[in-house]
Amino acid sequence: CLAGLGTDTGCSIRAPAAINSLVGLRPTHGLFDMAGIMPMNADWDTVGPLAKTADDIAVLIDVLGDSDINGETRAKQEIGHMPSRPMRVGMVRHLAQPHESDPQVVDALENALAALRESGVEVVDPLEAGIFSVQFNARLWFMRFRLDIESYLADYGDAAPHATLRSILDSGMVHPRYKDNLNSLDAWPHLPAAHPNLNDMDRVRDRF
């Protein structure tokens with residue numbers, strides 16, 4: 001196909017792009033409307049483009065954002081042009097260790113960094129050591145799943161085959177692999193703003 005869309009909560013745009021030699025962009029969370037897209041975690045979910053080139057990605061971003069100006073899309077106008085303010089890019093070096101990565105991928109990454117430097121971008125390489133060393137329990141963020149999925153179902157009203165996560169679990173249509181996890185999520189009693197680990201989660205978010 002010419003292009004496509006993916007939804008990325010943990011890595012579901014970036015990983016398929018890497019595996020299939022495509023350009024994938026996970027946009028800033030909240031940049032695009034998630035209406036009609038089944039949630040996994042409304043704190044993280046985002047929809048974004050997958051395509052063959054960065055030019056195509058720019059066109060898709062403008063279509064998603066409805067930001068066409070004078071027949072030429074805004075994102076495409078920016079490709080190849082430096083913004084008025086200096087740009088700074090951080091290289092998380094320990095995520096691309098040569099002994100753990102495909103040599104061609106490492107070469108492509110190094111070439112991209114060199115091109116950024118030549119374009120006047122400040123490349124911080126390596127980024128601060130240990131930036132991801134903070135303790136991080138991703139499961140804490142997903143405890144809101146029942147609230148998110150039931151809000152999604154409510155948008156469809158009577159057209160939805162189920163209205164609650166419990167109804168889905170009781171339907172007999174849930175794969176056994178996911179039952180225990182979904183049962184624990186269904187039993188979670190807290191609203192997101194009353195999460196007992198909220199302060200710790202906020203500290204992790206601030207650290208990242």
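Which residues does T9 touch, not counting residues up to four places away in sequence? T9 touches R26, M40, N41, W44, D45 and F142, where contact means heavy atoms within 4.5 Å. This is a predicted model, in which local features need pLDDT of at least 70, side-chain atom pairs count only at pLDDT 80 or more, and totals for chains, interfaces and linings use all residues. Residues are numbered from 1 along each chain as its sequence is written, and side-chain values use heavy atoms, with hydrogens and water left out.

**The chain as a whole**

- The protein chain has 9 helices and 7 strands; these are DSSP runs numbered from the N terminus, helices being H or I with at least four residues and strands E with at least two.
- Of its 208 residues, 26% count as buried (buried is under 20% relative accessible area, exposed over 50%, partly exposed in between, with a 1.4 Å probe and protein chains only).
- Among contacts in the protein chain with a separation of 6 or more, 59% come from residues 24 or more positions apart.
- The accessible surface of the protein chain is about 13,800 Å², and carbon and sulfur atoms hold 55% of that surface; the areas come from the Shrake-Rupley method with a 1.4 Å probe, and for residues only the protein chains shown count as cover.

**Around T9**

- T9 sits in the loop between strand 1 (3–8) and helix 1 (14–19).
- With a relative accessible area of 12%, T9 is buried.
- The side chains of T9 and D45 make a polar contact at 2.4 Å (a pair of N or O atoms within 3.5 Å; within protein, one must be able to donate a hydrogen and the other to accept it, and residues adjacent in sequence count only if both atoms are side-chain atoms).

**Salt bridges**

- The model has 11 salt bridges, each a side-chain nitrogen of Lys or Arg within 4 Å of a carboxyl oxygen of Asp or Glu.
- One of them joins R144 and D43, with the closest N and O atoms 2.9 Å apart.
- R144 is in the loop between helix 5 (139–142) and helix 6 (145–156), and D43 is in the loop between strand 2 (23–24) and strand 3 (46–51), so this pair ties together parts 101 residues apart in sequence.
- R144 is buried at 15% relative accessibility, while D43 is partly exposed at 26%.
- A salt bridge also links D200 to R203, where the closest N and O atoms are 2.2 Å apart.
- Both D200 and R203 belong to helix 9 (residues 198–207) and are 3 residues apart, about one turn of the helix.
- D200 is partly exposed, at 39% relative accessible area, and R203 is exposed, at 52%.
- Salt bridges that share partners join R93, E110, R117 and D125 into one network.

**Helix 4 and its surroundings**

- Helix 4 has 16 residues and spans 23 Å from first C-alpha to last, close to the expected 22 Å at 1.5 Å a residue; the expected span is 1.5 Å times one less than the number of residues.
- Just after helix 4, G120 has a positive phi of about 95 degrees.
- E110 forms a salt bridge with R93, the closest N and O atoms lying 2.5 Å apart.
- E110 is in helix 4 (residues 103–118) and R93 in the loop between strand 6 (88–90) and helix 4, so the pair ties together parts 17 residues apart in sequence.
- E110 is partly exposed at 30% relative accessibility, and R93 is partly exposed at 23%.
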